[in-house]
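This briefing covers fold, strand pairing, salt bridges, surface and backbone geometry. Please keep the sequence and the model at hand while reading.

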Amino acid sequence: MMRQRLLRWSAYLAVAIVFAVVCAYLSNWQFSRNDGRQTQLELVQRNYDAKPVALDDLLPAGATLPQSAQWHPVTLHGRYEPDESLLVRNRPHGGTSAFEVLVPFRTDDGRVFIVNRGWVVAGEGSDVPTSVPAPPAGEATVVARLRPNEPLPPSGRGAPSGQVPSINLPLVADKIGGGSAVDTGAYGELVSESPAPSSRPHAFDAPSDDPGPFLSYAIQWILFAIMGFIFIGYVIRTEVVKHRDEAAGRAPREPRRRRDRDMDDEDALLDAVESR
């Protein structure tokens, strides 16, 4: 009999250990996500409002954008090519799915850099905007924040003519026919244009500084692991107490709260009888 109980308790403990290992893995995952989020926040804080520099200083032609340069403003001088503009569909802005406006910008040295000028809402009864503000004509100076290339949608969805499903720069380069001159290592989110146009698409909001719930989730998983051992300990202790009571020929012990409630009921009954 004792051997059976030991085997059962060992199984309980094994379950608690497995549960704790899973909780530890999930907690470590949340700690990793929290570290990644903190790195992103520090990067934004360092680069977002930094002084603009020349594009070549941070992104040489043909290079891939390093993580340390993300969000950093750069200055471009050249001309927009509005005839090759594209719309990025299904972008969340203003509480709805909007379109972002991509316009190629040819710099003085011949590089074609994709500038995301902002977002516009869809037209009524249609998913195509009724109007898109045009960029400045002729020579212009543009300040834009560097953003990395986006992957293609995992669903494999496409987009109608003149649109793209994401800012995947190789796809954009293929759509506009710019060939090897198009920078595919990064694109820019518009900050300012000179000369300033009479109107422009809606500007982008600053990145959120919310650290996210990852740290609290990590701590919760640790607490769950501890609670698992506490629960198993309670179950084993309950079985030990029950076995001792049975061995001594006593009735199983009732929980204290229930005994106290029964005693209160008995006292109330006696009081009622005596009052008669």
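How many of the 10 residues of β6 are buried? In β6, 7 of the 10 residues are buried, which leaves the strand mostly covered; buried means under 20% relative accessible area, exposed over 50%, and partly exposed in between (1.4 Å probe, protein chains only). This is a predicted model, in which local features need pLDDT of at least 70 and side-chain atom pairs count only at pLDDT 80 or more, while totals for chains, interfaces and linings use all residues. Residues are numbered from 1 along each chain as its sequence is written, and side-chain values use heavy atoms, with hydrogens and water left out.

**Overall fold**

- The protein has 5 helices and 8 strands; helices (H or I, at least four residues) and strands (E, at least two) are DSSP runs numbered from the N terminus.
- Along the sequence, these elements follow the pattern α-β-α-β-β-β-β-β-β-α-β-α-α.
- Of the 276 residues in the protein, 33% are buried.
- Among contacts with a separation of 6 or more, 66% come from residues 24 or more positions apart; contact means heavy atoms within 4.5 Å.

**Strand pairing around β6 and β8**

- Strand β6 (residues 139–148) runs antiparallel to β8, and 8 bridges join them; two strands pair if DSSP finds at least two bridges between them.
- In this pairing, A144 stands opposite L190 in β8, and R147 stands opposite Y187 in β8.
- β6 also pairs with β2 in the antiparallel sense, over 7 bridges, with L76 opposite V142 in β6.
- Strand β8 (residues 186–194) pairs with β5 in the parallel sense over 2 bridges, and N116 stands opposite E189 in β8.
- R117 lies in β5 (residues 112–120) and is buried, with a relative accessible area of 0%.
- The side chain of R117 makes a polar contact of 2.8 Å with that of E193; a polar contact is a pair of N or O atoms within 3.5 Å, where within protein one must be able to donate a hydrogen and the other to accept it, and residues adjacent in sequence count only if both atoms are side-chain atoms.

**Salt bridges**

- The structure holds 9 salt bridges, each defined as a side-chain nitrogen of Lys or Arg within 4 Å of a carboxyl oxygen of Asp or Glu.
- R8 and E239 meet through their side chains in one of these, at 3.1 Å from N to O. The pair links distant parts of the chain, with R8 in helix α1 and E239 in helix α4, 231 residues apart.
- R8 is partly exposed at 32% relative accessibility, whereas E239 is buried at 19%.
- D49 forms a salt bridge with R145, with 3.8 Å between the closest N and O atoms. D49 lies in the loop between α1 and β1 (53–54) and R145 in strand β6, so the pair ties together parts that are 96 residues apart in sequence.
- D49 is exposed at 67% relative accessibility, whereas R145 is buried at 13%.
- The side chains of E81 and R106 form a salt bridge of 2.6 Å, N to O. E81 lies in the loop between β2 and β3 and R106 in strand β4 (residues 96–107), so the pair ties together parts 25 residues apart in sequence.
- E81 is partly exposed at 25% relative accessibility, and R106 is partly exposed at 34%.
- D56, R111 and D183 are linked in a network of salt bridges.

**Surface**

- The protein exposes about 17,000 Å², of which carbon and sulfur atoms supply 56%; areas come from the Shrake-Rupley method with a 1.4 Å probe, and for residues only the protein chains shown count as cover.
- F19, F31, L215, I219, I222, L223, F224, I226, M227 and I230 make a nonpolar surface patch of about 880 Å². The elements that give two or more residues to the nonpolar patch are α1 (2–47) and α4 (214–247), and α4 gives the most, with 8 residues.
- Patches are made of residues with over 30% relative accessible area and no salt bridge, with like charges joined within 9 Å and nonpolar side chains (Val, Leu, Ile, Met, Phe, Trp, Tyr) within 5 Å.
- M227 is found in helix α4 and is partly exposed, with a relative accessible area of 49%.

**Backbone geometry**

- Most residues other than glycine have a negative phi, and most peptide bonds are trans.
- The peptide bond from S194 to P195 is cis, with omega near 5 degrees; P195 is in the loop between β8 and α4.
- W71, which is not a glycine, has a positive phi of about 75 degrees. W71 lies in the loop between α2 (55–58) and β2 (73–80) and is buried at 13% relative accessibility.
- N90 is not a glycine either and has a positive phi of about 60 degrees. N90 is found in strand β3 (residues 86–93) and is partly exposed at 41% relative accessibility.
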